[in-house]
Amino acid sequence: MRIALAQFNPTVGDLEGNSAKIRDFAADAQVRGAQLVVFSELCLCGYPPQDLIERPSFLKRNLEALEKLARKLTVPVIVGYVGSPQDGAAGKSAANCAALLAGGRIAFEQRKMLLPTYDVFDESRYFQPARSQSALEFCGSRLGITICEDVWNDKNFWAKPLYERDPVAELVGQGSEILINISSSPYQIDKRAQRYDML
């Protein structure tokens, strides 16, 4: 499978402008032979959307933009957006999500399970965590999708993991052969090397 990584600087709240950039990057990647184009965490609405998430009209517009984007794409993409909690779970009204857009529709959704509340992060203020995650079949492979913090809890790397669950281990346990992590992680010195060592 040929995967394109598409990175751009989304504008918070600019659903139309961000959608246009996603379409342009996806079209370019398709011309270059990509079978899947991967975008970053919350790229549809911009990161971090913060208190916009608490506006029901913003959540509605975000989902409408996602559905409209799916209809306009001609190559499968994974895109980050603000979605609804899993199975109507009680708690927050939003979830940090990734969607596989393919065939003119939202073909698969994954919600972020591990929500950071340290350093610059305050995700549990806005989002309901996923209760479970699922692998999917794509292009003849078993694919696992995670969102940022979901890969940062490996018990073999950290002396004391921050969370009880490890979404990566759970997806591998479901037979995932390819793991994709979408992220909007802030820059810090040596983070790339740390991430490489951990993964």
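Trp152 is buried, its relative accessible area being 12%, where buried means under 20%, exposed over 50% and partly exposed in between, with a 1.4 Å probe and protein chains only. The model is predicted, so that local features need pLDDT of at least 70 and side-chain atom pairs count only at pLDDT 80 or more, while totals for chains, interfaces and linings use all residues. Residues are numbered from 1 along each chain as its sequence is written, and side-chain values use heavy atoms, with hydrogens and water left out.

Four aromatic pairs are found in the whole structure, a pair being rings of Phe, Tyr or Trp (its six-membered ring) with centres within 6.5 Å, called stacked under 30 degrees between planes, edge-to-face over 60 and tilted for the rest.

| Pair | Centre distance | Plane angle | Class |
|---|---|---|---|
| Trp152 and Trp158 | 6.1 Å | 40 degrees | tilted |
| Phe157 and Trp158 | 4.9 Å | 85 degrees | edge-to-face |

Elsewhere, Phe8, Phe25 and Phe39 are linked into a cluster by ring pairs.

The protein chain has four helices and eight strands, these being DSSP runs of H or I with at least four residues and of E with at least two, numbered from the N terminus. Of its 199 residues, 46% count as buried. Among contacts (heavy atoms within 4.5 Å) between residues at least 6 apart in sequence, 67% join residues at least 24 apart. The C-alpha trace spans about 45 × 40 × 35 Å along its principal axes.
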